[in-house]
Amino acid sequence: MELPFITAGQIINTHGIRGEVKLLPQGVEAEGLAGCKTFYIGDKPWDCTASRVHKGCLLLKLRGVDDMNAALALKGKTVTVRREDVPLPEGGYFDEELAGLTARDAETGEEIGKIAEVLTYPAHKIYAVRGGKDEYLVPAVPAFIAAINVPGGTVDIHMMEGLGTHEN
């Protein structure tokens, strides 16, 4: 299901003495967030006056956060953005939108479970599929993923021998 707000990440620290905060992205690339003009912390919108990618994180200068003490007050907070503010390629989706989708065998259409979480690894992401007769850790690469239909609530997976965690 497409969500109106997407979790952008968490503020993990301050940067410098002028009130910048360091955002660790979760489920979305820092580069994709760099163009956002408004970030939400709790229900409060914060205007972003400057942003840049730095070592996989996003450094943000938020209006009204003018010194290190003000920035420290935001440390540990979860940050969201409007889905429409983050550019996605055609047919793209956010990791957060995959949770709860029905995973099906691409060949038979049989339901194998639901996507419980998206795990991020250096090489690629892994979809943890649970709730069926087995648990599956499916690499999020075209060899395994046949189709993703977020509005339809399904992910079709090319099932391969040994994919399940309890197979004999």
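Let's start with leucine 74: leaving aside its neighbours within four places in sequence, it is in contact (heavy atoms within 4.5 Å) with Ile11, Val21, Ile41, Trp46, Leu62 and Val65. This is a predicted model, where local features need pLDDT of at least 70, side-chain atom pairs count only at pLDDT 80 or more, and totals for chains, interfaces and linings use all residues. Residues are numbered from 1 along each chain as its sequence is written, and side-chain values use heavy atoms, with hydrogens and water left out.

Leu74 also turns up in the largest nonpolar core, a set of 24 residues. Such a core joins buried Ala, Val, Leu, Ile, Met, Phe, Trp, Tyr and Cys residues through side-chain atoms within 4.5 Å, and buried means under 20% relative accessible area with a 1.4 Å probe, protein chains only. Leu23, Leu33, Phe39, Leu60, Leu62, Leu74 and Val81 touch the most other members.

Zooming out, the protein chain has 3 helices and 12 strands, counted as DSSP runs (helices H or I, at least four residues; strands E, at least two) and numbered from the N terminus. Its C-alpha trace spans about 60 × 30 × 25 Å along the principal axes. Of the chain's 168 residues, 40% count as buried. Take the contacts between residues at least 6 apart in sequence: 50% of them join residues at least 24 apart.

Key
Buried < 20%, exposed > 50% of the residue type's maximum accessible area, 1.4 Å probe, protein only.
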